[in-house]
Structure formats: structure tokens, C-alpha cells
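Good morning, colleagues. I would ask you to bring up the structure on your screens, and I shall then go through it region by region.

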Amino acid sequence: MALPRHLLVAILLAAALPLLLVRPAEAGTVGVNYGRVANNLPNPSAVVQLLKQQGITQVKLYDTEPTVLRALANTGIKVVVALPNEQLAAAASRASYALAWVRRNVAAYYPATQIQGIAVGNEVFATDKNATAQLVPAMTNVHAALTRLNLDKAVKVSSPIALTALASSYPPSAGAFREDLAQAVMKPMLDFLAQTGSYVMMNAYPFFAYSASADVISLDYALFRPNDGVLDPGSGLKYYSLLDAQLDAVFTAVSKLGNYNGVHVVVSETGWPSKGDAKETGAAAANAAAYNGNLVRRVLSGNAGTPRRPDADMDVYLFALFNENQKPGPTSERNYGVFYPNQQKVYDVDFVLGGGGSKSNGGLGWQDNGGPGSGSAPTGGGVKATTTGEAWCVANAMAGEERLQAALDYACGPGGADCKAIQPGAACFEPNTMAAHASYAFNNYYQRKGRSIGTCDFAGAAYVVNQAPKMGKCDLPSTV
């Protein structure tokens, strides 16, 4: 029986050839939304200590609370502040109001507090439709105030948009803004963002789509876990994550209004609730851990591009830092936090990640066994592979065959993984696919290395899951 090409290449390269160098794209950054709709949260100074302990270096606020901004001073943590919806009318109609607001809430704290952005309003189209016409004028006046104070290069102005701004989001190639928003608001906003070097802020929650359509949307597809993918018939592109599909719907909608390829998109809110009402399908701590953990690993690996924009990095702000007990609405609204108010974790996601690759693996961008720098956290925070409970390392199909091949070569060769089980006729040869064989090799390597930090990444070709993956009749062990 002839060996599959990917196994033959792995064997040959492991025996004789130098490793193929594959480096991940420039990684995006990860921040967190710090909401305070609660009566039991720690004081701001304690919160800042928690942020520093967890390696979180970017935070987004929903106001300009002085005690919070003072606590963030001289920490190096980058901050996005907010001008609330109820102040849009004044900021839009009176340039003097916008100038006074910027003086009082930004200039008074900068640069000790590293304010890098102002969110003008929040989901205005969804929560305060009467203010829609005031949004871009308010943004313009706030930017003019920053310019007058020589802060416009350091502090950017944008406004978080909900996916409800789209009239169509499926398939992604049919993405389009609502007719009442497209020309009246979105095009002027995009022109403003392009002219000022700012970015689109998009709040995207795959949880809502999954919970409403769990009978047709795969949970694995929503949680960045291995899945068969969903084909977009309009573009021919295949999607392996619901968030990618949502973002590409936005990219498509933007492209229909003009050439805005230079305008970056930041995911200003995304997350998954750890608890919900009976009708909120999928709201669970395990799913929240999988969604946030897999997302952050992917972002920091530099492998966060979408099918429509494969080379784009992704900056995200997880929602949220704490469970907030006074938020109205269903149970899920009070259970998006990564932490309880007592600062204990709701589930096992850590904002730390080891540094770059070691020399022993040919500079592939992963570490051999934790390696040098495994205790340091890069800008933006991250997530470490869990060392408690059950965990598996699986291939990331979105990485592409070239990156999977290079990682498979390393794992089965210099990496020391035992790959006998994926040889022809062996127990895990079927399913005979690159992704399945790579998953076996990556997991064997990961378990042999004691699930150490950095041993399940392979330059973005792999990631950790906390539920047993399905690979035909082959069971991947959670120990070796």
C-alpha cells in the first residue's frame, strides 16, 4: 500500500531534510471589556491589580469614571473610553461640548493613563435609534476636539456597531447593511474612519446565532472546534467558524459601500455566557471556556484571518471581565464574565502565553517544551494550555495544508511524537486525512510534553480543546 503523501513527506523530512520554515502572520491583540453594572465588584485599584496579574494589557470601558482612569494611570494598560449614548446629541450639536468633554475625560488623564480610543456611543442603531443621525456628527466633533488638543494621532474615534446593523449576514457573501443605514450613516462613518486612520468597532456574538438556531448550527462551528465547515455558495469559500462568517458578512457589507480595505475591523465585544435560562441553548461554562480560550489562542497565534481576508490580523475585546449582577435581561446577561466579583475565575482561561519558538524546532514559531520565555506574556495577553483536567491538542484546518504539513513533519520527527498509529493499517490511519493525522501527531506531542505552555500551537496549526475530539473510530488519549 502506498503511503499518503503527507505521511511520506513527514517521514522523509524527519529522516534527512531540514525543517520547512513557516512563521505565523503578525498576531492580533486581546483585551477585555470592563463593565460595572453591578453592586459587588472590587474597587478599581484591585481590578487593576487583577488585570496586571493576568497579563491583560488592553481594556475597554463604558464611561470615563475618574476612579477607574486614575487607577489605570502609570500601568501601561491601554484604554478605550466611551462617550455614552445619552450625550450624543450634545456632542453632535455643540463643538464646545465635545471639546469640554475631551478636556475633562481624556486630556486630563493622558498620557499617564494610556487612552488610545474613544467609543462614541454604543450600538446606537440597536439601542437608541433616535440618536442615529447624531452619531457621525458627534464623532466628527470629538475628533476635532482631539485635533485641537494635539491628541488625534494617539487617540482614535470610533463607535461599536451591533450585527443588527446588517440587513443580511448569511451567507457571508450576501452581507449588506440595512437600507436605512447604508448611505445615510455607514458610508459617512466609513469615510470618517478612513480619513482619520481609525477602525470599525464591531460587536459580534456567535452565541446569539447558535442559541437561536442550534438545530442547524453546529456547536463545534460556533466554538472554533474541528468541524466539517460550511460552504458559502456565493463565494465558494468554506468557513470553519461562525465568527469568521459573521466578520466576513461585515467585510462584504463594507465593500459594497466603497473601497475601504485600509480600514481595520476591531471586534469590540465578543464572548459566551457561562450560564443562561432554560431556553438559552449553549449557555454553559464549558462552552464559554472553549469559545474564549480557542478564540484567544487563535488571535495570538497570528492565524486569525478570515476566508475573505486570510492575511488580516484580528484585535478583540472579550466580554466581559466580571459577571455583572445588575444587568437587565435574561440570565446570560449577568454571566458573561471571565471572573466572579470575588476575582475567582468562572472557568479555566488564563491570559498568559509563552514567548517565541526555540532554536531546536527550526524557528517554526512554537516551543519544544515550554522553552525559554514560557513565563512571559506578550502585549495583548493570551491563553495558556491547561495543565489540569482533560485536554487534547488538535489540528486547525484553517491553517492550510502547507502549515499542517510542516507541523506534522516536526511532530513526527524531531519533536519525538509516536506516529506509528497513523501508518497504513494501524489503528488511527483512518480517517486518512491531513487534519486527522496531524491531530493525532499534535496530541501525542502535546501529551508527551506534559501539556506544557506553547506545546499545542505549531505556528497556529493546532489548538487545545477540552472535550474529547471525534476522529472516526480513533480515540485521542488525554495522557500518554
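I begin just after helix 2, where Gly55 adopts a positive phi of about 75°. Please bear in mind throughout that this is a predicted model.

Helix 2 itself covers residues 44-53, and its buried residues are Pro44, Val47, Val48, Leu50 and Leu51. These span an arc of only 155° around the axis, and therefore they sit on the same side of helix 2. What do the buried residues of helix 2 pack against? Their partners are strand 1, residues 30-33, and helix 3. At the start of helix 2, Asn43 places a side-chain oxygen within 3.1 Å of the backbone nitrogen of Ser45.

Helix 3 leads us to the next element. Residues 66-71 form this helix, and together with strand 2 and strand 3 it makes a right-handed β-α-β unit. Strand 2, residues 58-60, pairs with strand 3 in the parallel sense, over three bridges. Within that pairing, Lys60 is opposite Val80 of strand 3.

On the other pairing of strand 3, the partner is strand 4, residues 114-120; the two run parallel and are joined by six bridges. There, Val79 has Ile115 of strand 4 as its bridge partner. Why can strand 3 be called largely enclosed by the rest of the structure? The reason is that five of its six residues, in the range 78-83, are buried.

Let me turn to strand 9, residues 199-203. This strand is mostly covered, with five of its five residues buried. In a regular strand, side chains alternate between the two faces of the sheet. In strand 9, Tyr199, Met201 and Asn203 point one way, Val200 and Met202 point the other way, and all are buried.

Strand 9 also has two parallel pairings to consider. Strand 6, residues 160-162, runs parallel to strand 9 and is joined to it by three bridges. Strand 12, residues 264-270, is likewise parallel to strand 9, with five bridges between them.

**Backbone geometry worth checking**

For those who intend to examine the torsions, I now come to several further positions. As a reference, most residues other than glycine have a negative phi, and most peptide bonds are trans.

Phe224 belongs to the loop between helix 10, residues 219-222, and strand 10, residues 230-231. Its relative accessible area is 3%, so Phe224 counts as buried. Another is Arg451, with a positive phi of about 55°. Arg451 is located in the loop between helix 14 and strand 15, the latter being residues 462-465. With a relative accessible area of 13%, Arg451 is also buried.

There are cis peptide bonds to note as well. The bond from Tyr170 to Pro171 is cis, with omega near -10°, and Pro171 lies in the loop between strand 7, residues 166-168, and strand 8, residues 176-177. The bond from Glu430 to Pro431 is cis too, with omega near 0°. Pro431 is placed in the loop between helix 13, residues 401-412, and helix 14, residues 434-448.

**A position in helix 5**

A brief word on Ala95, which is part of helix 5, residues 95-107. Ala95 counts as partly exposed, because its relative accessibility is 48%. Ala95 and Ala145 are separated by 50 residues in sequence, while their C-alpha atoms are 7.7 Å apart in space.

**The chain as a whole, and its confidence**

Finally, the overall picture. The protein chain contains 14 helices and 15 strands. Of its 480 residues, 55% count as buried. Considering contacts between residues at least 6 apart in sequence, 75% join residues at least 24 apart.

How confident is the predictor in this chain? The average pLDDT is 86, and 86% of the residues score at least 70. Where does pLDDT stay under 50? One such stretch is residues 11-25, for which the model has 34 contacts beyond four places in sequence. Another is residues 354-388, with 109 contacts of that kind in the model.

Note on methods. Residues are numbered from 1 along each chain as its sequence is written. This is a predicted model: local features need pLDDT of at least 70, side-chain atom pairs count only at pLDDT 80 or more; totals for chains, interfaces and linings use all residues. Side-chain values use heavy atoms; hydrogens and water are left out. pLDDT is the predictor's confidence in each residue, from 0 to 100. Contact means heavy atoms within 4.5 Å. Buried means under 20% relative accessible area, exposed over 50%, partly exposed in between (1.4 Å probe, protein chains only). Helices (H or I, at least four residues) and strands (E, at least two) are DSSP runs, numbered from the N terminus. Two strands pair if DSSP finds at least two bridges between them. A crossover is right-handed if, with the strands pointing away from the viewer, the path from the first strand over the helix to the second runs clockwise. The arc is that of the directions from the helix axis to the C-beta atoms. A polar contact is a pair of N or O atoms within 3.5 Å; within protein, one must be able to donate a hydrogen and the other to accept it, and residues adjacent in sequence count only if both atoms are side-chain atoms.
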